[in-house]
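Hi,

Here is the structure I promised to pass on. Have a look at it first, and then read my notes below.

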Amino acid sequence: MSSQANVVRLDALVEFAARALFESHGLTLGEAQDETSRLPDDHDIAASIGFTAPQVQGAILMTTRKDLVARAWPRELRHREPSEREVCDWAGELVNQLLGRVKNALVPFGLTLEQSTPTVVIGKHVHRAPPSTNVARRYFFETSVGSLLIYFDAAMAKGLTFSLDMSVRPGPEGDVHLF
Amino acid sequence: MGKTVIVIDDSQTIREQVGTTLRQAGFEIVEAVDGVDGAEVIGRTPDAALVICDVNMPNRGGLELLEDIRKDESRKALPVLMLTTEGQPQLIERARKSGAKGWIVKPFKADLLLAAVRKLTS
């Protein structure tokens, strides 16, 4: 599989993972838009998490509005409004769960990523510097409570291929495996 | 008084989400923020009926904590349920071999979590 094919595969995985994650938390993401120039000024929170594997190193960065994160607050806790600190914690957990879904989707392709713990930043008018990695993808989604941006930056070794092995399957999200 | 469940996760929101789900079903909840804190909490909660533990945490991970629990003669029978974003078969197998009783990939479904907790604490 070519590097371009890797990117196409990656785009599909990340978009699907983001859509499924937010849907599970009650928020529908619109179609991913290919708007490379748009930098929303209303984004006031960013959450990032790093990952590494022998041939891949990178990070996922998610930026959005705090009220969008609050809208995706767990159902069990919706009897009250989350504090700013709780929104930050949840943003970190969301990007953690997003990477988890991407990681699990990559398992059948023989790619096993190790991950960092998430970091969250809040503030206004914070924009990302140009990436230096050879893979730098950007996914822009509109929702009913504002937009969501996901950046997937990775340094991938030349010649890395995603070889599908259908015999290797990750555990499905939400299901319980009792041993 | 309900059975005590120790919830170990570096996310406050996840701890509260799990805690709210289980408290509504009559369980007592004790929280810990990582594997180091978790070991301390387990040590001072001798009546715990179950541990629910994340895998990727700062300071000490959940699988390392699980392996420590199994080496401790006084705690080796304590059931541990892993709750994590990880779905890699190698990690699930490592947990199973280390004596975990189950594995749930986040985001969890409250009813399924509760059913598993009831089964493991019955």
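A quick word on pairing before anything else: two strands pair if DSSP finds at least two bridges between them. Helices (H or I, at least four residues) and strands (E, at least two) are themselves DSSP runs, numbered from the N terminus. Keep in mind that this is a predicted model, where local features need pLDDT of at least 70, side-chain atom pairs count only at pLDDT 80 or more, and totals for chains, interfaces and linings use all residues. Residues are numbered from 1 along each chain as its sequence is written, while chains are lettered from A and ligands numbered from 1 in the order in which they are written.

With that settled, the pairing I wanted to show you goes across the two chains. Strand S7 of chain A (residues 176-178) is joined by 3 bridges to S5(B), and the two run antiparallel. Look for A:His177, which stands opposite B:Trp103 in S5(B).

Now the rest of the interface. I call two residues in contact if their C-beta atoms, placed from the backbone, lie within 7 Å. On that basis, 29 residues of chain A are in contact with 32 residues of chain B. On the chain B side, at least two residues each come from helix H1 (12-23), helix H4 (89-97), strand S5 (102-105) and helix H5 (110-121). H1(B) gives the most, with 7 residues. By class, that side of chain B has 13 nonpolar, 11 polar and 8 charged residues; here Ala, Val, Leu, Ile, Met, Phe, Trp, Tyr, Cys and Pro count as nonpolar, Asp, Glu, Lys and Arg as charged, and the others, Gly among them, as polar.

On to chain A, which has 3 helices and 7 strands, in the order α-β-β-α-α-β-β-β-β-β along the sequence. Its C-alpha atoms fill a box of roughly 45 × 45 × 30 Å along the principal axes.

In H1(A), A:Leu10, A:Val14, A:Ala17, A:Ala18, A:Leu21 and A:Phe22 are buried. They cover an arc of only 110 degrees around the axis, so they sit on the same side of H1(A); the arc is that of the directions from the helix axis to the C-beta atoms. Exposed on the other side are A:Gln4, A:Ala5, A:Val8, A:Ala12 and A:Glu23. The buried residues of H1(A) pack against H3, strand S5 (135-143) and strand S6 (146-156) of chain A.

Those partners have details of their own. A:Asn104 lies in H3 of chain A (residues 84-106) and counts as buried because it has 22 C-beta neighbours inside 10 Å. A:Asn104 and A:Ala17 are 87 residues apart in sequence, yet 9.6 Å apart in space, C-alpha to C-alpha. S5(A) and S6(A) pair in the antiparallel sense over 9 bridges and form a hairpin with 2 residues between them.

Two backbone spots in chain B to finish. The peptide bond from B:Lys106 to B:Pro107 is cis, with omega near -5 degrees, and B:Pro107 is in the loop between S5 and H5 of chain B. B:Asn59 has a positive phi of about 70 degrees although it is not a glycine.

Cheers

Terms used
Buried ≥ 20, exposed ≤ 12 C-beta atoms within 10 Å, placed from the backbone.
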